[in-house]
Amino acid sequence: MDYQFKDIEQKWQQFWADNQTFKVENNSTKPKYYVMDMFPYPSGAGLHVGHPLGYIASDIFARYKRLRGFNVLHPMGYDSFGLPAEQYAIQTGQHPSVTTEDNIATYRRQLDQIGFSFDWSREVRTSSPDYYKWTQWIFMQLFNSWYNKAAGKAESIEKLVEHFATSGSKGIDAVSDEDTLTFTADEWKALPYKTQQEELLKYRLTYLRESTVNWCAALGTVLANDEVKDGFSERGGYPVEQKKMMQWSMRITAYAERLLQGLDTIDWPEPLKEMQRNWIGKSTGASVRFGIDKTTLQSPITADYIEVFTTRVDTIFGVTFLVIAPEHELVEALTTPEQKADIEAYITQTKKKSELDRMADTKTVSGAFTGSYVLNPLNGEKIPVWIADYVLAGYGTGAVMAVPSGDQRDYLFAKHFNLPIVPIIDIQNIETEADPTKEGKYINSDFINGLAYKEATAAVVAKLEEVGAGKAKVNFRMRDAIFGRQRYWGEPVPVYFKDGLPYLISETELPLLLPEIDKYLPTETGEPPLGRATDWKHPEGEYELSTMPGWAGSSWYWYRYMDAHNDQEFASKEAIEYWKDVDLYIGGSEHATGHLLYSRFWNKFLKDIGFVVEEEPFKKLINQGMIQGRSNFVYRLIDAEGRGTNTFISHGLLADHKTSPIHVDVNIVKNDVLDLDKFKAWRPEFADAEFVLENGKYVCGHEVEKMSKRYYNVVNPDDIANQYGADTLRMYEMFLGPLEQSKPWNTNGIEGVFKFLRKFWRLFHDEQWNFRVTDEAPTKAELKSLHKIIRKVEEDIERFSFNTSVSSFMIAVNELTDLKCNKRAILQDLVIILAPYAPHITEELWTLLGNAAGTLSYAAYPTFNPEYLVEDEFAYPISVNGKTKMNLSISLSLDQKDIEALVLANADVQKYLDGKTPKKLIVVKGRIVNIVV
RNA sequence: GCCUGGGUGGUGGAACUGGUAGACACGCAGGACUUAAAAUCCUGUUCGCCUUAAAGCGAGUGCGGGUUCGAUUCCCGCCCCAGGUACCA
């Protein structure tokens, strides 16, 4: 029979499901291998062709590893809590769990159609109570822990309490809030219970913190930064104000150093690691306190100094002004009456600027003088204090010591406002711009004059410490992560409040179920949606009303796959000790600093408290590129009055007509040629459309854009699978180009892949489509083809170069077709090698070859034998001055000298030399001959 | 602005360690089969020049330089595109 992909694919998908072919056990004599994909959020739009790209790659890898004798864990699940479902619920009143359920069913159907080898018995859903029970449980462990810097890890809060009770706060080196108390053991014991608890909250790894949020009173909710435009909500355009709010936070900063160091131990793409490094943002420097000169201030001020962080403390004698952020808490107090108007005008101006404007505009210098001064702690010099929007409130202390001779921004600022620029290093050239050099000796710098960078820095830090005005400090850019959302569709926080204190519910009360509410909106008093729940009250107090953020459930899910149905633990010790970590993780780079950082954080925490065994969760990570949409256009003719007609001009003829482009559904266009009948049927307004054709065809224009419904460029994998089959879809997505590269989707080449599979099928069949394979001994040429592909695919898979292996399969099948090879000895091995890429057609042929159904997935992978590829001759390219002129076959057993002689004696070579004597002859054995004349 | 990745035929791409640029596929053109179409198969296909043809010549991997016997690959400078982004002191 001809290649009937529909029957074959349905048959084998059913077989795998019925026989649980890919179910994997938590113990085996085989070595383990864990291949995981970033699980999807099940959106209402369903899967588009961009999603499966990574899944196909990981599935090929998983199937390959299985063939190579590994016990492979390859699971899939759903990140099913999230905003879109809630938004939909607000609009339609449908419960998010209902729409989520529907969407998951669609995803599952679409995934099944592509023939993935997932072990579905381990499926997880973050929104399922069985799952979020453990998300809540981990939250409780974090609440019950603090970070002991001395031990270099998280420990139980009990240990901290014990220490307080025996030794007070002395000897505690912890990551904590800034404002912790100092006390003796007796003083601790004497503290009221509430004060003790408040104190402990300053140490817990999850804690309450007041943070500013974008509050939109009209919508009654908190908005994300990108939902706010110029101080108004993007949705509705209502005013947004900064509001302080008590929120749950995660003390991820405790792990900053370990998160940074860990990057050196994992096999991730370097750009992605770089992103994480930059996000963590470690900088070594010093904090310096500049005393406020109160003699010039007319109003009283509580603060005594402005603290700055600098990485160049050695330049402190070059400081000629201080710049603080317009949002700095001291701005108002420092502003003198004369400067008040200036400062207020500047602050108003800053608020109008969007983040993007502030970033792109490095050329405009702006700022305003507060009228106040601080004193240089080392020489007592009076230094003016300015505000400027290039200083950000959120980083460091929100204040900068400006050294215009060494920093270009400070330099421009000083030039613009006519502030002094003092050179501090002898070789510094500051005529036209700042010179940040660290070479040379210091000048104009008091006691470090004549010193070099290293000694100077040490001397300044020592002096600052001596006078109590500063100290060496490591600063991280990374902030603690807010861990709460004023939303409904998320995990409830397992906490209730009594007398203003948070208490964990008991473990036996887990999971704390999400209550039913009447509508998915904030309450009239501005409480989160959970405030609407009736009869939802802890016996001891009021439940927390915010829910966990989107990243909670995804920060540990790889452990749940290891033991997905355990109701005693998030995963058993045995399962974790067996699977350990994810060997290969494939997903998009948009999660570089969110999910991938939080996951590493939770993993390190779980290791600290002894529940997991590996410091890093994902040993190797590959980013798949984004698949962009390729839109098609038709061109509507514009008549003399400038009105659109119902006539459409083919792309090649546009120059002669006035037209306007219209997006057309890519699904009714093939290779940029419009299907006229489908176009007429597409929309009623086009039913009478007329066309100006070129060569009898209507050719569409095209553009690369985001894949989106409104551009009519969304391609659904179902359509491809229906038309060409899953095996073609799988191979085509790989054939499209390098996995890690972003590329537009187009189906231009899909016929080639489909034809390849038919050609492969035909190798096993005669002219009349009868299955016909012989047991004859293979020829040398056939063995060569086979072993070439064995080696090539092995190399390609190991370096995740799937596109090149698809090409190689085509070459192999072309060669074997030319050789008219239908020998079992060759074809059976070829079936195994191709199986990870095209699992359905290969399963069918595998059984036709007489093997037991379903055994292909665990067959023995063919071994490469280099002997079949040994050549005795090589067609040397002969080049003259680097330009290839001809080929010359020469035995590979000859040595350098013989080759040289042979080449020079050749008549054709002599012709190219044209009587000239070669200056030099380069012979690279087995590669090239180059004659220099 | 900064960081990262990229720029190769009409198109997607290949060339893995500096060694035959354009594998493989699409598209296109021509041909075979067919009453016809689809399907299939065969041939050609980087560009320019010359040629009846065979063959030949020249240019060519974003642009300009450099290193080298030899550069898509390494170095310097520039332009453009994509993604990320936090003026990070």
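Modeller: Chain A splits into four domains: domain 1 (282–476), domain 2 (642–718), domain 3 (749–868) and domain 4 (871–932). Keep in mind that this is a predicted model. Between domain 1 and domain 3, the C-alpha centres are 69 Å apart.

Now the RNA. There are 52 residues around RNA strand B. Those that come nearest are Asn278, Trp279, Thr311, Tyr395 and Asn748. By residue class, the surface near RNA strand B holds 20 nonpolar, 18 polar and 14 charged residues. Helix α24 (residues 802–818) gives the largest share of that surface, with six residues.

Some contacts can be picked out atom by atom. Leu736 uses its backbone: an N or O atom there lies 2.6 Å from a sugar or linking oxygen of RNA strand B. Arg758 uses its side chain, where an N or O atom is 3.5 Å from a sugar or linking oxygen of the RNA strand. Ser807 faces a base instead: a polar side-chain atom of Ser807 lies 3.4 Å from a base nitrogen of RNA strand B.

One more element is worth a look. Three strands form an open sheet in the order β4-β3-β5, paired antiparallel. Strands β4 (153–156) and β5 (174–175) are at the edges with a single partner strand each, so one side of each has no neighbour in the sheet. Strand β3 (residues 145–148) is joined to β5 by two bridges. Asn148 sits opposite Ala174 in β5.

Conventions. Residues numbered from 1 in each chain as written. Chains lettered and ligands numbered in written order. Predicted model: local features only at pLDDT ≥ 70, side-chain atom pairs only at ≥ 80, totals over all residues. Heavy atoms only, no water. Domains from an automatic or database assignment. Near = heavy atom within 4 Å. Polar contact = N/O pair within 3.5 Å; in protein donor to acceptor, adjacent residues only side chain to side chain. Helix = DSSP H or I, 4+ residues; strand = E, 2+ residues; numbered from the N terminus. Nonpolar A, V, L, I, M, F, W, Y, C, P; charged D, E, K, R; others polar. Pairing = 2+ DSSP bridges.
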